[in-house]
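Dear colleague,

Please find below the structure that I am handing over to you, with its sequence.

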Amino acid sequence: MPLLEVQRAVVQFGGVTAVNDASFTAERGEITGLIGPNGAGKTTTFNVITGLQRPTRGDVFFERRKVTSLPVHRRARRGMARTFQRLEAFGSLTVRDNVRVALDIHRGLRGVFTASGADIDALLARVGISAYAAERADSVPTGTARLLELARCLAGDPKLLLLDEPSSGLDDAETDAFGDLLKELAAERRGIVMVEHDMDLVMAVCDQVHVLDFGSVIASGTPGAIRSDPAVQKAYLGYSDVEDAGDHTQELEPVPGGVA
Ligand SMILES: Nc1ncnc2c1ncn2[C@@H]1O[C@H](COP(=O)(O)OP(=O)(O)OP(=O)(O)O)[C@@H](O)[C@H]1O
């Protein structure tokens with residue numbers, strides 16, 4: 001039984017169908033990629049999973065239980081954590097105090113109110129931002145702020161991590177280290193679902209990839225299968241034929257002005 005199951009989700013905003021009968025799963029211990037061109041419905045799908053958006057139709061199951069109508073905080077309490085495309089840390093607090101607050105909130109829910117320094121240090125070290133501990137969160141580079149978001153999520157020891165474009169702002173070396181960290185987190189039996197535009201990262205770390213286009217899941221499979229899927233190449237590159245796509249099949253980079 002999958003950790004997460006999205007079943008025939010539909011989200012309509014007036015006349016716009018942002019998510020169109022989308023079904024997919026994510027497993028414990030695996031990294032699942034959710035990819036697709038701009039406007040494909042990825043963020044809306046995340047909102048449906050976490051409870052920010054009630055689907056027009058369809059359901060979400062987490063650990064076999066239907067959570068479609070549960071509010072965000074109750075899903076969080078069951079073990080879902082999410083980072084946002086837009087950064088959410090407290091800008092005027094230090095990086096260290098942001099992690100402290102996150103730990104206090106999560107532990108407070110369990111009746112323990114003081115985060116130990118060692119726990120904070122461990123989380124900062126885990127995501128590789130110890131050097132920034134004393135800096136204000138609004139003064140650190142974007143990539144560091146994204147890693148801070150991840151540390152804040154991990155403070156709750158989540159079963160499912162939903163990451164919205166986590167590598168944006170990271171340089172190549174940081175992205176490689178981040179990929180290794182994701183694999184470690186998955187090896188701890190967490191499920192990870194990642195919306196990500198960096199196809200090299202997606203191809204390197206994901207166990208399964210689901211491709212959204214105009215709100216529909218047009219392909220699901222391993223990175224290798226996805227890369228050679230003609231429907232995916234068409235959505236990303238405007239090619240309908242694998243042969244036509246030529247060397248671009250290795251890249252899967254969205255074309256500027258392509259499907260939006
Ligand atoms: N609150 C809203 N009201 C109306 N339309 C919306 C709303 N939110 C999203 N949409 C529309 O739904 C579609 C899917 O948007 P969504 O942000 O989920 O796509 P996305 O795949 O995350 O895009 P991106 O890669 O650019 O972040 C788009 O056409 C978008 O304009």
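Two strands are taken as paired if DSSP finds at least two bridges between them. Helices (H or I, at least four residues) and strands (E, at least two) are DSSP runs, numbered from the N terminus.

This is a predicted model, in which local features need pLDDT of at least 70 and side-chain atom pairs count only at pLDDT 80 or more, while totals for chains, interfaces and linings use all residues. Residues are numbered from 1 along each chain as its sequence is written.

Confidence

The model has an ipTM of 0.96 and a pTM of 0.87. For the protein chain, the mean pLDDT (the predictor's confidence in each residue, from 0 to 100) is 88, and 88% of the residues reach 70 or more. Residues 240–250 have pLDDT below 50, and this stretch has 15 contacts in the model beyond near neighbours in sequence. Here two residues are in contact if their C-beta atoms, placed from the backbone, lie within 7 Å. The pLDDT also stays under 50 over residues 255–260, where the model has 10 contacts beyond four places in sequence.

The four-stranded sheet

β1 and β2 run antiparallel and are joined by eight bridges. They form a hairpin with two residues between them, and Gly14 in the turn has a positive phi of about 60°. Both strands belong to an open sheet of four strands, ordered β2-β1-β4-β5 with antiparallel pairing. At its edges stand β2 (16–26) and β5 (65–66); each has a single partner strand, so one side of each is left without a neighbour in the sheet.

On the other pairing of β1 (residues 4–13), five bridges join this strand to β4 (residues 57–62), again antiparallel. Leu4 has Phe62 as its bridge partner in β4. Val10 has Asn20 as its bridge partner in β2 and stands opposite Arg57 in β4. Helix α1 (residues 42–50) packs on this sheet, where it touches β1, β2 and β4, and its direction makes about 120° with that of β1. For such angles, axes are lines fitted to C-alpha atoms, for helices over the stretch in contact, and the values run from 0 to 180 degrees between N-to-C directions.

The six-stranded sheet

A further open sheet consists of six strands in the order β6-β7-β8-β3-β9-β10, with mixed pairing. β6 (80–83) and β10 (216–221) are its edge strands; each has a single partner strand, so one side of each is left without a neighbour in the sheet. Neighbouring strands are turned against each other by 15° on average, direction ignored.

Helix α1 lies across β3 (31–35), β6, β7, β8 (191–195) and β9 (208–213), running at about 155° to β7.

The ligand shell

Which residues lie around the ligand? They are Phe13, Val16, Ala18, Gly36, Asn38, Gly39, Ala40, Gly41, Lys42, Thr43 and Thr44, where a residue counts as near if its C-beta atom, placed from the backbone, lies within 6 Å. The elements that give two or more residues to this shell are β2 and α1, and α1 gives the most, with three. By type, the shell divides into four nonpolar, six polar and one charged residue. In this division Ala, Val, Leu, Ile, Met, Phe, Trp, Tyr, Cys and Pro count as nonpolar, Asp, Glu, Lys and Arg as charged, and the others, Gly among them, as polar.

The two domains

The protein chain is divided into domain 1 (1–79 + 158–260) and domain 2 (89–157), with bounds from an automatic or database domain assignment. Between them, 10 residues of domain 1 are in contact with 11 residues of domain 2. On the domain 1 side, helix α6 (residues 172–187) gives the most, with three residues. That side comprises six nonpolar, one polar and three charged residues.

With kind regards
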